[in-house]
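Student: I would like to learn how to read a model of this kind, going from the whole chain down to single residues. Could we take one feature at a time?

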Amino acid sequence: GAIVALSNVGMDCLVPAVSCDRQARGGRIYVGTQLSEASRINLGVGAIDGIEVGYMKFGRARSAGTATSFIIADPADPGADPVPVAVPATATAQADALTVAVAAHFPVTDASGLAARIGAAYVSSTVKWTKEGRSTGSRTSNEIRPYLGLGLEYNIPDLIKLVGTYDWTQYSVDGQKGSATL
């Protein structure tokens, strides 16, 4: 399946911030298999009945504001003290994840139900900073994090399944951390 979604990459905004946009467009593609009747785990109101592998692209959060740079007011004076000045700055954070999860389904009617996924995500996240339009650094981190997904499903028999989901994981890189959601 494929899902186009609104995403949110939680990040600390620059202080003072001119703008801080954590919303982006993202998406998820996934493949999976249903377990055989003998392999399913009955939960009474539903069953753990599938395994799913997916890729999520969360988009990019961006914050624009100011940062402090130091300049020498008189470069000809060797004893001149640096003077702090406010300069335009940006910070961006983005995350992508590969997921592996078990899926459980809880029927509500013959055509609709609830779904839950729990598993692990291999999250790749990058944070970048600029001052005055020039890069001042970039850090990338790859780590395994928990993954959770909740969804509503509606089956149009022999045609398609409509799915609305909420997917969550976390990222952490160079002191910047937060939740990444679709």
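**Reading the chain from surface to residue**

Tutor: Let us begin with the surface: the protein chain exposes about 10700 Å², and carbon and sulfur atoms supply 59% of that area. Please keep in mind throughout that this is a predicted model.

Student: What does the secondary structure of the protein chain come to, in helices and strands?

Tutor: The protein chain has 0 helices and 10 strands.

Student: What share of the 182 residues is buried, and what share of the contacts between residues at least 6 apart in sequence joins residues at least 24 apart?

Tutor: Buried residues make up 34% of the 182 residues in the protein chain. Of the contacts between residues at least 6 apart in sequence, 60% join residues at least 24 apart.

Student: How many positive and negative side chains are there, and how far apart do the centres of the two sets lie?

Tutor: There are 15 positive and 16 negative side chains in the protein chain, and the centres of these two sets lie 2 Å apart.

Student: Which residues does the disulfide join?

Tutor: The general idea is that a disulfide is a covalent bond between the sulfur atoms of two cysteines. A search of the whole structure finds 1 disulfide, and this link joins Cys-13 to Cys-20, with an S to S distance of 1.6 Å. The angle about the S-S bond is -65°, and the link of Cys-13 and Cys-20 is left-handed.

Student: Why does Cys-13 count as partly exposed?

Tutor: Buried means under 20% relative accessible area and exposed means over 50%, with partly exposed in between. Cys-13 counts as partly exposed because its relative accessibility is 22%, and Cys-20 is likewise partly exposed, with a relative accessible area of 31%.

Student: Where is Gly-26 placed, and is Gly-26 buried or exposed?

Tutor: Gly-26 is placed in strand β3, residues 23–34, and it counts as buried because its relative accessibility is 15%. Leaving aside residues up to four places away in sequence, Gly-26 touches Ile-3, Val-4, Ala-5, Ser-7, Lys-57, Phe-58 and Leu-182. Gly-26 and Pro-157, which are 131 residues apart in sequence, are 28 Å apart in space, C-alpha to C-alpha.

Student: Which residues does Ile-72 touch, not counting residues up to four places away in sequence?

Tutor: Ile-72, which has its place in strand β5 (residues 47–72), touches Ala-80, Asp-81 and Pro-82 when residues up to four places away are not counted. At 38% relative accessibility, Ile-72 is partly exposed.

Student: In which strand does Ser-124 lie, and which residues does it touch?

Tutor: Ser-124 lies in strand β7 and is partly exposed, at 26% relative accessibility. With residues up to four places away in sequence left out, the residues that Ser-124 touches are Gln-94, Ala-95, Asp-96, Thr-140, Ser-141 and Asn-142. Between the C-alpha atoms of Ser-124 and Ala-91, 33 residues apart along the chain, the separation is 17 Å.

Student: What is found in the loop between β7 and β8?

Tutor: Glu-132 is found there, between β7 (112–131) and β8 (134–156), and its phi is near 50°, a positive value in a residue other than glycine. Gly-133 lies in the loop between β7 and β8 as well. Glu-132 counts as partly exposed, because its relative accessibility is 44%, while Gly-133, at 71% relative accessibility, counts as exposed. Gly-133 and Ala-89 are 44 residues apart in sequence, yet 7.3 Å apart in space, C-alpha to C-alpha.

How values were computed. Residues numbered from 1 in each chain as written. Predicted model: local features only at pLDDT ≥ 70, side-chain atom pairs only at ≥ 80, totals over all residues. Heavy atoms only, no water. Helix = DSSP H or I, 4+ residues; strand = E, 2+ residues; numbered from the N terminus. Buried < 20%, exposed > 50% of the residue type's maximum accessible area, 1.4 Å probe, protein only. Contact = heavy atoms within 4.5 Å. Areas by Shrake-Rupley, 256 points an atom, 1.4 Å probe, with all protein chains shown as cover. Lys, Arg positive; Asp, Glu negative; His and termini not counted. Charge placed at Lys NZ, Arg CZ, Asp CG, Glu CD. Disulfide = S-S within 2.5 Å.
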